[in-house]
Amino acid sequence: MKQQERIDKIGGFLLFIVAIAILILSRKYGIGTLKDIGPGFFPMLLGAALAVMGIILLTIGRSVPDDGESGRFPDVRGACSIVASILAFIFLSRELGLLIGSTSSAFIAALGDRRNTIRSAAGLAIFMGLFSMIVFWWLLKLQLPIIGGWK
């Protein structure tokens, strides 16, 4: 068994175990009905989706062609930019509002891909900022300030 296949099987098993725990814990909160959804409904759906993904990953894994580069140090740029984008959203949206927080978060996350340029990352960030404003503030009517913090 190749190293990548072993990693996929372990990851699929762990994902399945976490999903089962989520399914069990979500029953505590009451699932409700489709007309009157309870607080445990969404975690139950997430747990079921994670369980299916875990089973798929456990059984078939991922077919990765051997490119001869499996021994080199993994690229951490993407992971670091994702973590930095989450932190940027938390702190900037609290201080400067939804538009600035989501735009800067998308920009930082887009820089994690080495193929993105500053220009393409900025375009994506502007689109995501406007999209999040339309969805969360205008359509869903969430009480999030567009500009300005949650002080």
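Residues count as buried under 20% relative accessible area, as exposed over 50% and as partly exposed in between (1.4 Å probe, protein chains only). The model is predicted, so local features need pLDDT of at least 70 and side-chain atom pairs pLDDT 80 or more, while totals for chains, interfaces and linings use all residues. Numbering starts from 1 along each chain as its sequence is written, and side-chain values use heavy atoms, without hydrogens or water.

The protein chain holds 5 helices and 0 strands, where helices are DSSP runs of H or I with at least four residues and strands are runs of E with at least two. Its order from the N terminus is α-α-α-α-α. Of its 151 residues, 19% are buried. The protein chain exposes about 11,000 Å², by the Shrake-Rupley method with a 1.4 Å probe. Carbon and sulfur atoms supply 72% of that area.

An unreviewed UniProt entry lists "transmembrane region" for residues 12-29, 41-61, 82-109 and 121-140. Such annotations may be inferred rather than shown by experiment. Residues 12-29 are 83% helix and 0% strand, with end C-alpha atoms 26 Å apart.

The ring centres of F127 and F131 are 5.9 Å apart and the planes meet at 20°, so the pair is stacked (centres within 6.5 Å, planes under 30 degrees apart). Both residues sit in helix α5 (residues 118-139), 4 residues apart, or about one helical turn. F127 is exposed, at 52% relative accessibility. F131 is partly exposed, at 43%.

Conventions
Rings of Phe, Tyr and Trp (its six-membered ring) pair if their centres lie within 6.5 Å; planes under 30 degrees apart count as stacked, over 60 as edge-to-face and the rest as tilted.
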